[in-house]
Amino acid sequence: MRLRFKLKTVFILYFTVSLLGLIYALMHLGKLHSLQGHTKKEPTKPHLPTIYVITPTYARLVQKAELTRLSQTFLHVPQLHWIVVEDSSQRTDLVSHFLEHSGLVFTHLHIPTPQDRKLQEGDPNWLKPRGVEQRNEGLRWLRENIWAGETAEGVVYFADDDNTYSLQLFEEMRWTQRVSVWPVGLVGGMRYEGPVVEQGRVVRFHTGWRPSRPFPLDMAGFATSLRLVLRNPEARFDGNSPMGFVESSFLQGLVTMEELEPKAEMCTKVLVWHTRTEKPKMKREEALQAQGLGSDSKVEV
Amino acid sequence: MSSPHPPPPPPRRCAVIRGLSPMVEMPKRRDILAIVLIVLPWTLLITVWHQSAITPLLTIRKDDGAEGRHETGQGSDSKEYCSSDKDIVEVVRTEYVYTRPPPWSDVLPTIHVVTPTYSRPVQKAELTRLANTFLHVPNLHWILVEDAQRRTPLVSRLLRETGLNYTHLNVETPRNYKLRGDARDPRIPRGTMQRNLALRWLRETFSPNSTQPGIVYFADDDNTYSLELFEEMRSTRKVSVWPVAFVGGLRYESPKVNAAGKVYGWKTVFDPHRPFAIDMAGFAVNLRLILYKPQAYFKLRGVKGGYQESSLLRELVTLNDLEPKAANCTKILVWHTRTEKPVLVNEGKKGFTDPNVEI
């Protein structure tokens, strides 16, 4: 009798202890999940339209720095697909390694600008439009690789590698139906340039330079829905268009001013800035290199 | 024992619980139930503890950039925990992408980033992209010091909206009216008073006896910082150093490190005989050192160009104590970029754009 009682107690005790331990462990696990904030569920937000960002880039001293800080912004944006197009006849190691380690979803393309369209040393940067072939190459890739099905949900944005983008901008553009627009800071010789909105529609453009252009917008000031891009395979940038008309050459066939969707609180907020980075002074480097004592070229800058 | 000896239990199936099942009449179902009830909690417990044992590792271990997400379909982040080390780090990275800033950790030293800033057209843009960088760094405390009489609404609002852990200070560099109207006192290098104010704030806020580990880094608002840099500086014991790109008229300037891993000189062209021929962005100081040497500040006046950093560092440390980072000073993790001043010709005298729109 005594033995029987003892075994039963042991069993019950053991069962109780196990159960308590399990409950404790489950609570601990629950605590961990809440600590980590958004769980794995967050990234699998269904039906968030993808933002395809097309960035032309070219090799120069500050290239890696520019791409680095650009990627740091993009890493915060869910469902972003970065299409980097190098102005080069082949993919460079610098950009390849950089993209592989960036943590972003990316496509790495390349196409060289024809010599007669390239800016020469000493040319002012407004002389010839830059990045035209590269952006068109990005569009070509999209048209060949993304299916134009009913569910083609996405938006295409042309982001140069030296501009500054706020995170809010990407959420503004994500639900573009045709073409959405917003102001851009520090461009056109002004504090900002942008559409003027009255009663929810764009009626004209606020710009200090050639307002007669069909779309006096900066490249960073609009985004196009993927559907529109895929349904209009002829729409591309025209490198031969006069200064400042490159954006218009793309948008003209796609949309009218009345159809534009104003974002950024009816185009009253600046969420993107047309910053430009100085060319670093290399006088001493050049002097050293003339002596054969230049800094180690194996160190990637 | 006077109890009747139980008859031999039924064959094999129940043999395992022969010793445990006390009651003779217990039917087989109950035996199996008993086995399940005994085994199940342990199985679940072990699974749960296995998972949770791995998770603390994830917060400490910083990915070294070896994992990248290649082109996949849409929203492909269905990676499970615990399949392999590589996968787990990827999951963490994905989670941190959308949680900003990263959760505060009790084990990582805090990086106090001191950034002097001043009002100009590109200010908001610079601070925005800087914030986008800092939002990736765990345990970062941003000390933003405005060169202004009052804390401006632009900066206050920006700091609040980022969600970062910050301290907002201000001190105005006195102007020298003898020169052109808006010129600051040319003898005080830009940002000095602001950095000194931050040092003073740190000394007033933290006591030398506190066990909170911290690192102090001076980050100007127009440079570019890689995320790896912050993890390199976190292990600073006294003062750590690394190369900086685009300074001194070179591709990069760097400390010279000998085979023993000690700094013995400076690879620069501009005055390499300075005590510390290094840029502001090229070193970090352990907070404890700042607190133990409360007299150490950046020298305000009479400082030759390029000697600002030395004016602080020589009060803190000797060349021998410097800790080289970035793979013994062979990798570039910070670039001294400068942003062009935008040409606002079309604003004209009266201003063309709405001044109420903040840029």
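So, contacts of B:Phe276: leaving aside neighbours within four places in sequence, B:Phe276 touches B:Trp266, B:Ser310, B:Leu313, B:Arg314, B:Val317, B:Thr318, B:Leu319 and B:Leu322, where contact means heavy atoms within 4.5 Å. Keep in mind this is a predicted model, where local features need pLDDT of at least 70, side-chain atom pairs count only at pLDDT 80 or more, and totals for chains, interfaces and linings use all residues. On bookkeeping, residues are numbered from 1 along each chain as its sequence is written, chains are lettered from A and ligands numbered from 1 in the order in which they are written, and side-chain values use heavy atoms, with hydrogens and water left out.

Back to B:Phe276. You'll find this residue in the loop between strand 9 (263–267) and strand 10 (283–286) of chain B; strands are DSSP runs of E, at least two residues, numbered from the N terminus. B:Phe276 counts as buried because its relative accessibility is 3%, buried being under 20% relative accessible area with a 1.4 Å probe, protein chains only.

Strand 9 of chain B also has a partner: four bridges join it, antiparallel, to strand 8 (residues 252–257) of chain B, and pairing takes at least two DSSP bridges. B:Val257 sits opposite B:Val263 there. The hairpin has five residues between the strands, and B:Gly261 takes a positive phi near 80 degrees.

Last one, B:Asp222. UniProt lists it under "binding site" in an unreviewed entry, and such annotations may be inferred rather than shown by experiment. So what does B:Asp222 contact, leaving aside its neighbours within four places in sequence? A:Arg69, plus B:Glu126, B:Thr337, B:Arg338 and B:Thr339. At 15% relative accessibility, B:Asp222 is buried too.

Methods:
Buried < 20%, exposed > 50% of the residue type's maximum accessible area, 1.4 Å probe, protein only.
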